[in-house]
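Please keep the structure open beside this note while you read.

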Amino acid sequence: MAHVESAHLLELALGNAAPGDDDAEALRHVEHCDLCRDELGMLIRLVTAARAAKAVDLPIPPPEHIWLRITREVSRGRGTPPPQGRPRPDAAPGS
Ligand SMILES: [Zn+2]
């Protein structure tokens, strides 16, 4: 199986994954693939940090160069384009 797509890893990290063959297969792959496991771990940390953050912690969106670095890390080695747009503090969950 090919590497799990970043978008799918993000769904898993967000806990949005619905039980099903796709996710079971993806999780099996992640178990045996250092690259995908590292990426999933990084996404989980990112999601955890984002959920823990309050709007007051992030009065402005991250600087462009920081955001570009994050998106580059996320899409590293996959040949997939980085996600578009930056997180907005007023779109933070739990605010
Ligand atoms: Zn992989």
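1. On the side of α1, the residues Ser-6, Leu-9, Leu-10, Leu-12, Ala-13 and Leu-14 take part, and they meet Cys-36, Glu-39, Leu-40, Leu-43, Ile-44 and Val-47 in α3.

2. Two packed helices are described by the angle between their axes and the distance between the axes. Here the axes of α1 (residues 6–14) and α3 (residues 34–52) come within 9 Å and cross at roughly 50 degrees, which means that α1 is oblique to α3. The crossing of α1 past α3 is right-handed.

3. How many helices and strands does the chain contain? There are four helices and zero strands, and along the sequence the pattern reads α-α-α-α.

4. Of the 95 residues in the chain, 8% are buried. Among the chain's contacts with a separation of 6 or more, 73% are between residues 24 or more positions apart.

5. The average pLDDT of the chain is 79, and 71% of the residues score at least 70. Which helix has the lowest confidence, and which has the highest? Confidence is lowest in α4 (residues 64–74), with a mean of 80, and highest in α3, with 91. As a caution, where pLDDT is low, the predicted coordinates should not be read in detail.

Notes
Residues numbered from 1 in each chain as written. Predicted model: local features only at pLDDT ≥ 70, side-chain atom pairs only at ≥ 80, totals over all residues. Axes fitted to C-alpha atoms, helices over the stretch in contact; angles between N-to-C directions. Helix = DSSP H or I, 4+ residues; strand = E, 2+ residues; numbered from the N terminus. Parallel < 35°, antiparallel > 145°, perpendicular 65-115°, else oblique. Left-handed = near helix turned anticlockwise from the far one by under 90°. Contact = placed C-beta atoms within 7 Å. pLDDT = per-residue confidence, 0-100. Buried ≥ 20, exposed ≤ 12 C-beta atoms within 10 Å, placed from the backbone.
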